[in-house]
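Welcome! Have a look at the structure first, and then we will walk through it together in questions and answers.

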Amino acid sequence: MKEQIIKILTELRPEFDFTQEGVNFIEEGMLDSFDMVNLVSELDSTFGISIDGVDILPENFATVADIEKLLMKNGAK
Amino acid sequence: MDFVFKNKRISGILTVLPKKAVKFEDEMANYSFSPAKCMKLKLAMGYNEHRIAEPGQCSSDFCKFGLRYLFDKHLLNKDDIDALLFVSQSGDYYMPPTSNLIQGHFGLKHDCLCMDINQGCAGFEVGLIQAFMLLEQPVIKRVVLMNADVLSPKVSAQDRNSKPLIGDAASITIVEKCEEETTIYANIKMDGTGAFALNIPAGGFRMPSTPETAVMVQDAAGNFRSKDNLVMQGDDVFNFVQREVPPMIEHLYEQSGVDRNEVDWYMFHQPNKFMLHKLADKLGIPHEKMPANIVENFGNASGVTVPTCISYNLGDQLVNGKMRLCMAGFGVGLTWSSIMVEMGNLSFNKIIEF
């Protein structure tokens with residue numbers, strides 16, 4: 001799952017390195033709110049889920065681990 | 001707040017759109033995104049083209065054009081209008097009320113209650129609730145509800161949050177008493193603490209427009225707008241809608257005793273495709289039962305999107321038959337409202353161009 005998330009993030013914003021540990025993607029300006037919309041669309045189709053709209057909050061997209069947790073919560077396997 | 005209305009019906013819907021259509025691709029050079037990212041924005045949000053009024057055209061002009069059409073086609077009789085509601089955020093003047101101007105323009109009878117209501121995205125539902133309440137009075141048999149907004153001049157051309165989705169339009173809905181046993185369920189909630197999630201800072205009495213308010217300033221996301229422009233806190237609006245709308249619809253099922261599967265169509269306000277699909281998923285509603293094609297074809301004209309959605313997607317189906325609709329509006333105010341209604345055998349349900 002982690003590799004798939006990094007692949008999607010890199011396709012979305014190829015200018016950034018999403019493999020770095022301890023980096024907050026939102027605070028560092030690597031993802032803006034529109035990126036989150038695109039990311040959710042990609043994650044939904046890749047994992048065959050629909051991420052709950054109430055979970056589309058910046059804090060859930062801050063790190064790969066946060067995104068992984070979000071996916072698990074929304075039924076991704 | 002819940003409402004129940006009996007022996008009332010919607011008998012006709014006319015949507016009036018500007019002739020001028022502007023393509024997303026023709027405006028994207030104004031945005032601070034690369035062309036590739038703009039195309040992603042288009043795909044995710046469902047942007048394609050939007051209808052924009054010509055300079056000088058006001059909301060009331062679209063209403064007058066629609067009313068003239070209905071009078072000329074003998075679909076509405078001037079003397080049968082007991083109340084004229086104008087729901088808009090873009091009236092002609094601070095004073096007088098635009099509804100009075102329209103009444104005067106057509107020389108409607110003096111026994112006609114004219115009322116302007118300042119409402120946005122939930123303006124269709126607010127207008128219908130007001131119309132149904134007026135119809136409780138013995139002297140009021142027919143209400144003409146006009147929803148109209150020409151807000152495109154207030155949106156910065158360099159604002160990719162709002163410019164690609166804004167549309168101008170008007171609708172005229174006839175609401176009347178009927179002998180047939182009908183029950184319409186409605187609810188509404190408001191939260192003024194979130195009022196500035198959607199606003200136009202300058203131009204009112206609190207902050208009159210001046211050369212200073214017209215200065216363009218770049219925001220953190222790279223959009224340029226002035227204080228005279230509409231500003232939408234997109235994240236706040238999105239979160240508000242996802243948090244409040246699903247429980248409101250669940251409550252409407254309980255209130256009306258209607259199961260979600262018994263609803264033929266979900267006619268919701270049209271902010272963008274992404275938001276509507278998220279709402280449909282949360283509510284367990286197939287996407288095809290909740291049309292999300294108004295922004296891509298015409299733009300988001302605030303309170304006019306629900307009637308536009310009904311006219312565009314159902315058209316003559318509502319003239320020749322009857323269906324159960326769940327309607328919902330949410331946005332400016334903050335306001336959120338929904339209505340469960342059986343609608344059909346309309347005298348008209350169509351779109352015309354002005």
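Q: In chain B, what percentage of contacts between residues at least 6 apart in sequence join residues at least 24 apart?
A: Two residues are in contact if their C-beta atoms, placed from the backbone, lie within 7 Å. Taking the contacts in chain B between residues at least 6 apart in sequence, the share that joins residues at least 24 apart is 79%.

Q: Before we go on, what kind of model is this, and how is it numbered?
A: Residues are numbered from 1 along each chain as its sequence is written, while chains are lettered from A and ligands numbered from 1 in the order in which they are written. Local features need pLDDT of at least 70, side-chain atom pairs count only at pLDDT 80 or more, and totals for chains, interfaces and linings use all residues, because this is a predicted model.

Q: What is the radius of gyration of chain B?
A: Helices (H or I, at least four residues) and strands (E, at least two) are DSSP runs, numbered from the N terminus, and chain B has 10 helices and 17 strands. The radius of gyration is taken over C-alpha atoms, and the globule rule is 2.2 Å times the number of residues to the power 0.38. For 354 residues that rule gives 20 Å, and chain B is close to it, so it is as compact as a globular protein of that length, with a radius of gyration of 19 Å.

Q: What share of the residues of chain B count as buried?
A: A residue is buried if 20 or more other C-beta atoms lie within 10 Å of its own, exposed if 12 or fewer, and partly exposed in between, with C-beta atoms placed from the backbone. Among the 354 residues of chain B, the buried share is 49%.

Q: Is strand 15 of chain B largely enclosed or largely open, and how many of its residues are buried?
A: Strand 15 covers residues 322–331 of chain B, which is 10 residues. It is largely enclosed by the rest of the structure, because the number of buried residues is 7.

Q: Which strand of chain B pairs with strand 15 of chain B in the antiparallel sense?
A: Two strands pair if DSSP finds at least two bridges between them. Strand 14 (residues 265–268) of chain B runs parallel to strand 15 of chain B, joined by 4 bridges, and Met267(B) stands opposite Met327(B) there. The antiparallel partner, over 10 bridges, is strand 16 (residues 335–344) of chain B.

Q: Which residue in the turn between strand 15 and strand 16 of chain B has a positive phi?
A: These two strands form a hairpin with 3 residues between them. In the turn, the residue with a positive phi of about 140 degrees is Gly333(B).

Q: Is Gln270(B) buried or exposed?
A: Gln270(B) sits in the loop between strand 14 and helix 7 of chain B. Its contacts, not counting residues up to four places away in sequence, include Leu276(B), Ile294(B) and Cys309(B). Because Gln270(B) has 30 C-beta neighbours inside 10 Å, it counts as buried.

Q: Which helix of chain B gives the largest share of the side that touches chain A?
A: 15 residues of chain B are in contact with 12 residues of chain A. Helix 2 (35–45), helix 6 (234–256) and helix 7 (273–283) of chain B each supply at least two residues of that side. The largest share, 6 residues, comes from helix 6 of chain B.
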